[in-house]
Amino acid sequence: MTLGLTGGWILSRPGLSIGSFFPHFFFTQLKYRGGEWDPNPLFVEAIVEELELRTSIDARKERSVLTISDPELFFCPFLYMAGRYEFEPFTQQEREILRRFLTYGGFLFAEDTVGARGFGFDQAFRREMKEILPNNELKRLPPDHSVYQSFYLISDLGGRQVVNPYLEGITIDNWTPVIYSQNDLSGAWSRDRYGKWVNQCVPGGDLQRNAAFKTGINIIVYSLTSDYKKDLVHHPFIKRRQNL
Amino acid sequence: MSANQIATAPVFPLWLIILLFCIGLASVFAQYRATRDKLGKIRALIISSLRLGAISLIIAFALNPSLVARKEQRISPAIAILVDTSQSMGQSASREEVTRLDEVKALLTEGPTPLLGTLREKFEVNVYGLADSLRPLEANDLARLVAGGNKGDISEALQALSGKHSVAVLLSDGNLRWNDNQVQQLPTITVPVGNPKKYRDILIKGIKAPALGFRDREVVIEVTIKSYGFTGLTLPVILKDSEQLLTARSIRIQTDPEEVTASLSFVPTEVGQKNLSISVPQQAGESVFANNQINISIKVVRDKTRILMASGSPSMNYRFMRTALKSDPSIDLLSFVILRTFSDILNVRTHEQSLIPFPVDTVFSRELTNFDLAIFDNFNYSLYLRPEHLESLRNFVQGGGGFAIIGGPNLFNEGRYGLSPIGEILPFRFAEKEFYRRDSPIGVRLSQAGAKHPMLRFSDDFREDDAEHLRFWQEMPPLDGINLVEAKSSSTVLIESADGIPRPILTVSEYGKGRVLALATDYAWKWYMGMVARGKGNQPYLRLVHRMVRWLSRDPSLDPVQIILPEMAASTGQEIDVRIQIQGEDPSGGSESAVSFSVINPEGVRIESKLKPTPQPGQYLVSFLPAEGGVYRIQVETPVGHLEESMVVAGPLENLDAAPDHDLLEKISSSTGGKYLSQGDDLLKEIEEYAQKAEKRFVEEKRLPVWATPFVMALVLGLLSSEWYLRRRWGLM
């Protein structure tokens with residue numbers, strides 16, 4: 001029903017070339033060597049449906065997959081990287097490309113779907129981030145960070161599991177090009193072709209899954225609006241609502 | 001002749017002379033011994049004495065004896081007469097019918113025994129004029145002398161005259177520059193002219209105003225009014241922009257003389273050069289009216305360029321444009337992003353989401369004029385704006401605001417933009433039913449107009465035919481989506497699609513006093529990341545956005561022609577140099593004929609000016625000589641555009657404080673050891689007294705060499721001849 005409504009709104013717009021529709025947002029998943037680069041292959045459809053249902057963003061339900069050395073990397077609005085296990089170190093050239101991408105406007109959302117701090121994917125990801133952006137530490141994002149306010153006012157992150165009640169990120173000036181989660185948000189978003197959720201969200205169940213969707217939407221909106229919610233015009237509204 | 005009248009200057013060392021004398025004495029003694037037996041003692045002694053005398057005289061020549069004659073001489077003292085010729089000397093003297101300078105001339109050259117003539121009979125007299133500089137005056141110059149120029153520097157003048165003169169006579173009203181710290185050696189007799197007690201005037205003594213003001217921010221100007229002889233008067237101080245009254249303040253004059261300071265403030269609402277006048281009304285009996293008004297020039301600039309941006313949805317285009325706008329500290333951005341449309345379903349209560357209402361009425365009905373530039377980014381106006389909002393936007397552009405419209409699927413909304421009240425300000429219309437296309441990537445290229453447009457000139461080195469400039473755009477990443485539009489004939493396409501039928505991508509036009517820009521794509525952000533991907537950084541994209549903003553907000557630095565006015569205040573009689581800079585290529589190819597330049601004086605008459613190129617490409621130097629004070633307009637016409645600037649030139653009597661300052665004259669005379677001439681003092685007598693005190697004498701000394709006299713030579717010859725005669729007579733030969 002939701003999908004039909006959204007699709008109808010998009011396709012009913014006359015003048016747009018049907019069949020050549022190319023949305024503003026799409027996931028680009030990073031494929032890397034070693035470990036397991038695609039722990040939740042069915043995560044895209046549900047979050048994109050939710051995104052289109054709740055926001056004005058046009059999104060594509062198919063994800064793109066590419067490697068760091070792919071020249072198209074720089075034209076991907078939202079780079080997604082997930083994993084369970086430790087992966088092979090990036091080459092110096094790959095690190096240089098990612099450094100350039102992240103320093104000059106690119107965005108990376110990374111997920112440790114196991115949630116084991118200091119092991120497996122978490123260990124490898126933190127190691128690579130230290131190499132790529134040595135002067136900018138991966139830190140816990142403060143509660144007033146724009147990513148918690150970009151669309152929803154978020155207090156609970158949700159996810160397949162709740163390992164951390166916060167997101168981490170690397171902030172350069174006023175922009176956070178890297179956001180990192182260990183709650184397996186994509187695990188909570190994953191849905192099979194029959195519409196059944198692939199994973200249970202523990203311990204919070206559907207409420208926890210809803211929170212994961214909200215967090216996902218906020219991360220996507222943040223990637224497209226940056227610190228827009230920090231503009232002065234938003235302050236009184238956000239403060240008032242947070243105090244309710 | 002006495003002994004102290006003879007001086008010696010030995011040509012050999014004294015010991016050598018003594019040695020020679022001893023040798024001579026010994027030889028004479030030997031001769032005496034040799035002749036004594038033959039001639040007897042007496043005769044031998046006579047002959048030896050004659051020989052000794054001759055030898056002694058000859059050896060004495062080596063002492064170079066001379067006769068010294070001394071005589072005391074007197075030097076006639078030199079007197080410097082300094083006539084103050086500055087503009088205040090053109091004011092009334094003690095007798096109101098003549099000027100102060102006329103009074104000085106009369107004192108020096110008129111009467112039964114003209115002072116100057118009398119002095120010249122007794123002393124060496126040099127006459128000087130003192131105003132902007134010290135200049136010597138010839139005999140005929142004095143009669144033709146007219147008052148003019150700034151206050152003279154008497155300290156420097158006395159320093160220059162010191163050593164060459166014994167005494168200086170200064171005839172002045174006391175309007176001079178004097179340095180208390182400079183020690184003066186030349187005694188100066190000061191002769192006051194003008195009557196301070198009778199002087200009446202109100203003048204603008206000083207102005208403290210910023211050279212630069214910011215639009216919509218208060219500018220405060222402090223005005224100091226000085227008054228002579230108007231105790232108890234209340235009068236207004238008026239600030240005007242041309243004929244428009246900006247503000248006025250009343251001041252009351254309590255004492256005499258008195259300086260009163262008033263603060264005048266106004267808020268400039270437009271950017272550009274403001275030529276303002278500050279005045280106080282003229283009063284009956286004032287000595288000078290010209291100093292009741294002063295013109296000043298303040299350049300009004302934006303403190304920040306305020307931008308209103310409405311985006312149809314969160315997008316990469318929004319984020320990268322926001323990044324670019326936020327990276328410029330001179331930009332103040334207020335943006336609204338439509339995060340949710342009416343068809344989107346909200347699944348939470350209000351306090352759980354951060355969305356705020358789009359304050360359309362406030363922004364478009366009341367606040368729009370507070371912005372310099374409005375940007376619609378992939379924005380479907382029909383969902384949010386009513387016709388009156390669009391009317392307001394059209395009026396905003398017509399009144400000088402900038403408007404940028406950025407493409408995307410939401411932008412044209414079935415062509416309703418074209419039919420809306422802002423349709424006429426858009427630089428394009430719709431050519432086809434299909435208004436937005438996302439299919440194959442589309443490359444771009446610069447149009448002919450775009451190649452020379454300042455907005456796209458990222459470097460001053462770029463030229464129209466610069467292959468690198470053209471290639472730069474050709475190598476930009478292709479766009480994934482464009483709006484299919486057709487440029488209006490009144491607009492200019494700067495960037496067009498390079499594949500298939502050329503489609504306008506970046507189009508500009510002017511509407512009323514405002515400027516409009518259309519970027520018919522929502523994929524310009526790829527120009528940012530495309531350059532980053534090629535390792536060239538994000539500067540080209542940032543510069544493009546910054547230059548778009550500057551062009552839309554009519555930033556003068558992007559104008560093809562710029563007039564650079566001199567930084568120093570200009571005044572009449574001084575040649576003024578103005579530089580003209582033509583950006584980018586030199587449209588005239590270095591030929592002056594392609595650049596036309598006019599200077600219009602305050603009366604509206606074109607005056608003579610000279611134009612010449614400078615070694616810098618595209619730069620010209622223009623000189624003109626203003627004859628009167630006021631606002632001068634400078635107009636430039638070139639093939640790439642025209643420009644007019646105006647500048648204030650101070651008038652000759654503007655700011656003139658002509659009140660006689662006799663206290664300063666007293667100080668000058670006492671500091672130099674001279675005398676301040678009071679009424680009843682005899683100037684000639686005083687000068688003579690000082691001249692006599694300073695009279696100098698010296699002793700002249702003349703030397704006459706003794707050996708060069710015929711008498712001494714005859715004496716030597718006489719001695720030798722006598723010896724020879726006696727020797728012969730007494731049989732020695």
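This is a selection-by-selection tour of a predicted model, moving from confidence to a sheet and then to salt bridges.

**Confidence in chain A**

Start by colouring chain A by pLDDT. The average for chain A is 87, and 90% of its residues score at least 70.

Switch to chain B and show the strands. Eight of them make up an open sheet of mixed pairing, in the order 19-18-20-21-29-28-27-24. Its edges are strand 19 (331–337) and strand 24 (444–446) of chain B, each of which pairs on one side only. From one strand to the next, the twist averages 15°.

Within the sheet, select residues 373–377 and 402–406 of chain B. These are strand 20 and strand 21, which run parallel and are joined by five bridges. Show side chains here to find B:Phe376 opposite B:Ile405, the latter in strand 21 of chain B.

**Salt bridges**

Over all chains, the structure holds 54 salt bridges. Four selections follow.

Go to A:Glu50 and A:Arg54, whose salt bridge has its closest N and O atoms 2.7 Å apart. The two residues are separated by about one helical turn, because they are four residues apart in helix 2 (residues 44–54) of chain A. Both A:Glu50 and A:Arg54 are buried.

Then select A:Lys214 with B:Glu352, a salt bridge of 3.3 Å, N to O. A:Lys214 belongs to helix 6 (residues 206–225) of chain A, while B:Glu352 sits in the loop between strand 19 and helix 8 (360–367) of chain B, so the pair joins two chains. B:Glu352 is partly exposed, at 21% relative accessible area.

Back in chain B, pick B:Asp303 and B:Arg217, which form a salt bridge of 2.9 Å, N to O. B:Asp303 is in the loop between strand 17 (293–301) and strand 18 of chain B, and B:Arg217 in the loop between strand 11 (212–214) and strand 12 (219–228) of chain B, so the pair ties together parts 86 residues apart in sequence. B:Asp303 is partly exposed at 26% relative accessibility, and B:Arg217 is partly exposed at 44%.

Finish with A:Glu86, A:Arg95, A:Arg127, A:Glu128 and A:Glu131, which salt bridges with shared partners join into one network.

Conventions: Residues numbered from 1 in each chain as written. Chains lettered and ligands numbered in written order. Predicted model: local features only at pLDDT ≥ 70, side-chain atom pairs only at ≥ 80, totals over all residues. Heavy atoms only, no water. pLDDT = per-residue confidence, 0-100. Pairing = 2+ DSSP bridges. Axes fitted to C-alpha atoms, helices over the stretch in contact; angles between N-to-C directions. Salt bridge = Lys/Arg side-chain N within 4 Å of Asp/Glu carboxyl O. Buried < 20%, exposed > 50% of the residue type's maximum accessible area, 1.4 Å probe, protein only.
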